[in-house]
Structure formats: C-alpha cells, structure tokens
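Here are my notes on the model, point by point. Have the structure open beside you while you go through them.

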Amino acid sequence: MKIETRAVHAGRHIDPATGAVTAPIHLSTTFERGADGEYPRGFSYSREDNPNRRALEECLAALEGGTQALCFASGLAVSNALVQGLEPGDHVVAPDDVYWGLRKVIGEVFGKWGLETTYVDMTSIDDFHAALRPNTRLVWVETPSNPLMKITDLTAIAALARGASANIITVCDGTFATPVLQHPLDCGIDMVAHSTTKYIGGHSDVVGGALITRNDNYLFERARKSQRYGGSVPSPFDCWLTLRGVDTLPWRVRAQSENAMRVAQFLKAHAGVETVHYPGLPEHPGHKIAARQMSAFGGMLSFQVRGGRETALGVAARCKLFIRATSLGGAHSLIEHRASIEGPNTRTPQNLLRMSIGLEHPDDLIEDLAQALATPPA
Ligand SMILES: Cc1ncc(COP(=O)(O)O)c(C=O)c1O
C-alpha cells in the first residue's frame, strides 16, 4: 500500500460504539476489568496504553515499515529513553552537528552516568569507522542534520556498525526527512526516532516523539519501560492531534520540498548569500547520497549570509512573511538565527539562518526574502 493510503488508514478503526469515522478522544484514565479480573479490551490504565496512543503507534510503525512503535511526550523524551537504556561505561557515537538537545541529554541529564561519547563527522565513513570501539552500543545518525543539512549514508553506516559488532544498535533521527522521504529501516538501520512535534504533527500545535523499530532489541524494550513506567507519555489529545496531522503528511511534505527547492535556487543566485545548505542543490556535498536515499529533499534549508552575526540577524528582522521562531515542519514558514538559540558553545556559524519552508506560495516566500536581503537604507 502506498504511503498516502497508509497515512490515512493505518491505525484507524471505525468506532464500534458509534460508527464515528474519526476516532473519539479517549480521556478515561482507567478501563474496566472483566469479571475474571482480566482486561478483555486490552487497556487497563492510560499511562500504560490508551486507544489514541495505540492508534498513533500503529500508524507510525506502518509508515516507517517497522514492526512496533512507541510514542513519547516529546522528541527528546525518545532520546532520553534510549540513553537511559544504556549501561554506565557504554559508548555512544553521534554526529558532530547532532541536534543540540541530544548533547544536552547525554551531557547534562546523564552526565554522571559514566557514558563515553564520540561526536564525529558521519559524512566521513572513515572517521565514523575509526570512532567505533569495543564498548560502542548506540550509533545515533541524523540525516539531514540540523542545521547544516549534512547528509549521512545510512546504508554504509548500518553495514559498518553491524560488521563491527552485533551489540551496536543504530538509530536514525528522521525528523527532517519524515517517513515520506526516507526509510532508514530499509537501509539496515535498527530504529528511527522522530520529533513528531515537527512534520508529523505538522501544524505547530502539539509536542511529541516516536521511536519505531524493525526488530526486537533490548534498547527498544528498555525504552518501552521508560515510556510506560517512567511515564513520559503523550496525552490522548496529543496523540489524536498528531494522528490528524498524519492524514496530510505525504502531501504537505512534498509541497514543502518543492517550495524549499525554489527558495534554495533563489538564494543560491543572490549576491548577499555566501552559501546555501540544501541537499537538493547539485553542488551540495551530500546531493548524490540524498538523491539515492531520499525521494525528495525536504522542506528544511539553511544559508549563510555575506557578513556576520549582525547581518544575519538583520535579514531575519526584516522578514515580513517568514516568522522568526524556532521549530519546524508546520504550515507557516519560519526563519531562525540558530547560533543565538544554541548558546555560547554552539558550533553553528554566526552568519547562518535556518528556514523551515511552509505551505505558502513560493513566489511570496521569495519576494519576502528578496526584500529582507536587500541592503537596508543607510
Ligand atoms: C532533529 C531533531 N530531533 C529532535 C528534536 C527534539 O524534539 P522535541 O522538541 O519534540 O523534544 C528536534 C527539535 O527541534 C529536532 O529538530
């Protein structure tokens, strides 16, 4: 079944009580036991499982081609649950430009856990190979990466990790690519993580996360315990909203990818722009790999202005249609100076602006950027 069809049907059931086509939101925290003390309908207490979360999990597993999914209260709760599943002394390999929140989870939440971590440029397969150690247990990949849009070869990483040790579990953060554009599990990656806050929810109105696996493994089972007993669960309403977003996910992501390509081409030709980071451009260092492992290049891009931090902040300040805000994947186009949100230890260039391209008409987006990039009157 094609992804547009799965996006609308997977995990959905006609409500047996009313015939409702769109599922009701089950707010009940507790579910009736049978006379024999069992739970004949499969639910007992809403932290452990509830109908809206189960529907979303079934749907996301189907979209990624996985066997099971777990939904969490946020994207970072997924990272938290996975890191929590590691033993003190285990080694993690992650990209050098990984989403900064993962560095914070590893460094600040689990700082005393005694984990060893290597941040490496995963676009270099040799550097990645050299980073693996006998105690490596988790390889975290993010492609496209945030905010530099670096592309990592998922098939090569999965094969190298598997060849190095059967104890390594590979996880791809697929937030930027979505299950519409990229299928890490088909490339041999063990699990996919998403911040469903972004494209999957799609309307900038619900925070959530998901972990999808293609095989049973101990980190997935520990993440399940962290979700159910640790309690980092999304509410039924959050699950319902996220699932509603999924209905239109394939169509939104394709339109956003087309818009982003138009914006990238405009920026590339602009004299005020030093570099455009968009994997859809042939000169992007990851273009060939992206063309192979993605079906389109996504709605995210970043660019570096000619000038420094002040010039970049000035461009963002003059935007009228692009909203200056963090996050991504919604209907509105957003622009953000990443370095200032990431703080003093950021590795992000000071002249970089990241954009989440929305569902507006691309001509209007380009017109807005053209006036924002024009030299301001003295
Ligand atoms: C690539 C990526 N992964 C994970 C996260 C964390 O997700 P959340 O904000 O839902 O916790 C983000 C948030 O921006 C992200 O961009």
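1. Let's begin with Arg354, which sits in strand β12 (residues 352-356); helices (H or I, at least four residues) and strands (E, at least two) are DSSP runs, numbered from the N terminus. Arg354 counts as buried, at 3% relative accessibility. For the cut-offs, buried means under 20% relative accessible area, exposed over 50%, and partly exposed in between (1.4 Å probe, protein chains only). The Arg354 side chain reaches the backbone oxygen of Ser327 at 3.3 Å. That is a polar contact: a pair of N or O atoms within 3.5 Å, where within protein one must be able to donate a hydrogen and the other to accept it, and residues adjacent in sequence count only if both atoms are side-chain atoms.

2. A word on what you are looking at: this is a predicted model, in which local features need pLDDT of at least 70 and side-chain atom pairs count only at pLDDT 80 or more, while totals for chains, interfaces and linings use all residues. Residues are numbered from 1 along each chain as its sequence is written, and side-chain values use heavy atoms, with hydrogens and water left out.

3. Next, the core. The largest nonpolar core has 60 residues, and Leu60, Val263, Leu267, Leu301, Phe303 and Met355 touch the most other members. Helix α10 (residues 249-268) gives the most to this core, with seven residues. By nonpolar core I mean a set of buried Ala, Val, Leu, Ile, Met, Phe, Trp, Tyr and Cys residues joined through side-chain atoms within 4.5 Å. Not counting residues up to four places away in sequence, Met355 touches Val263, Leu267 and Phe322, among others; contact here is heavy atoms within 4.5 Å. There is also a second, separate core of 26 residues, and Leu70, Leu82, Val92 and Val171 are among them.

4. How many salt bridges does a search of the whole structure find? The total is 19, where a salt bridge is a side-chain nitrogen of Lys or Arg within 4 Å of a carboxyl oxygen of Asp or Glu. Asp96, Asp121, Lys150 and Arg347 are linked in a network of them.

5. Two of the pairs sit within helices. Lys104 and Glu108 form a salt bridge at 3.6 Å, N to O; they are about one helical turn apart because they lie four residues apart in helix α4 (residues 100-109). Lys104 is partly exposed at 35%, whereas Glu108 is exposed at 62%. Glu221 and Arg224 pair at 2.9 Å, N to O, and lie three residues apart in helix α8 (residues 218-228). Glu221 is partly exposed at 30%, but Arg224 is buried at 19%.

6. Arg133 is in the loop between α5 (125-131) and β4 (136-142) and Glu116 is in strand β3 (residues 116-120), so the pair ties together parts 17 residues apart in sequence. Arg133 is partly exposed at 34%, and Glu116 is partly exposed at 32%.

7. Finally, the ligand. It is surrounded by 14 residues, the closest being Leu76, Asp173, Ser195, Thr197 and Lys198; a residue is near if one of its heavy atoms lies within 4 Å. Ligand oxygen atoms lie 2.9 Å from a polar backbone atom of Gly75, 2.8 Å from a backbone N or O atom of Leu76, and 2.6 Å from a side-chain N or O atom of Thr197. The protein covers 87% of the 390 Å² of accessible area that the ligand has on its own; accessible areas come from the Shrake-Rupley method with a 1.4 Å probe, and for residues only the protein chains shown count as cover.
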